[in-house]
Amino acid sequence: MVQSTFSRELESWLKQKGPKTLGSLVVVFKERSFAIIILVLMAFPALPLPTGGITHVFELITMLIAGEMVVGMQGVWLPRSWLHKELGPFVQGKFIPYLIRRVRWFERFSRPRFNDLLQRQSFGRITGGLLLLFALGAFLAPPFSGLDTLPALGAVMLALSLILGDITIFAGGIAVGAIGLGLVLAFGTVTVDLIKHFF
């Protein structure tokens with residue numbers, strides 16, 4: 001019998017009949033829905049392409065969900081219209097399959113490490129705070145700069161670490177996200193200095 005993996009579960013959700021919405025992700029994945037929705041949302045700004053600020057809405061939703069993790073909510077809350085909005089043809093036909101392939105790459109090297117720690121509610125609050133910080137860093141990155149990529153990738157790795165139960169992916173996510181935040185902060189400092197110099 002082939003062992004079920006998260007990538008197979010995600011692929012099965014994509015192929016099953018019915019609308020493909022954030023709400024359907026919550027129904028199918030239940031207690032993992034916090035991490036899975038953040039994974040899907042933050043994978044967009046994590047792509048190594050300038051987004052021109054289009055992904056700000058995904059980062060704002062991520063910040064809301066991360067805040068819910070910080071306060072210890074047991075289930076994802078989003079406005080009904082957001083939960084039931086159908087994911088577009090590009091997301092279903094191109095992006096989710098791309099994400100599944102990337103997840104499978106991580107699954108090749110991942111194994112449960114300190115999963116019990118990762119699943120504790122107190123640790124979930126800490127993770128929520130980090131996710132909030134990384135999403136904010138991606139949100140504040142200047143449009144078309146590509147600086148949102150690393151904070152967003154850090155958030156993706158944190159979410160994936162919760163899904164796969166692997167503390168090493170969590171540690172990698174912190175490192176990548178911290179580097180990304182440092183670059184955003186450095187760029188912001190240089191920009192402020194230039195403004196002060198000329199004005």
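This is a predicted model: local features need pLDDT of at least 70, side-chain atom pairs count only at pLDDT 80 or more; totals for chains, interfaces and linings use all residues.

Modeller: Residues are numbered from 1 along each chain as its sequence is written, and side-chain values use heavy atoms, with hydrogens and water left out.

Biologist: Why are H3 and H6 called roughly perpendicular to each other?

Modeller: Helix H3 (residues 33-46) and helix H6 (residues 89-109) pack at an angle of about 100°. Angles under 35 degrees count as roughly parallel, over 145 as roughly antiparallel, 65 to 115 as roughly perpendicular and the rest as oblique; H3 and H6 are therefore roughly perpendicular.

Biologist: What makes Arg32 and Glu9 a salt bridge?

Modeller: Their closest N and O atoms are 2.7 Å apart. A salt bridge requires a side-chain nitrogen of Lys or Arg within 4 Å of a carboxyl oxygen of Asp or Glu, so Arg32 and Glu9 form one.

Biologist: Why does Lys15 count as exposed, whereas Glu11 counts as partly exposed?

Modeller: Buried means under 20% relative accessible area, exposed over 50%, and partly exposed in between (1.4 Å probe, protein chains only). Lys15 has 66% relative accessibility and is therefore exposed; Glu11, at 25%, is therefore partly exposed.

Biologist: How do you know that Lys15 forms a salt bridge with Glu11?

Modeller: The closest N and O atoms of Lys15 and Glu11 are 3.9 Å apart, and the pair therefore meets the definition. Both residues lie in helix H1, four residues apart.

Conventions: Axes are lines fitted to C-alpha atoms, for helices over the stretch in contact, and angles run from 0 to 180 degrees between N-to-C directions. Helices (H or I, at least four residues) and strands (E, at least two) are DSSP runs, numbered from the N terminus.
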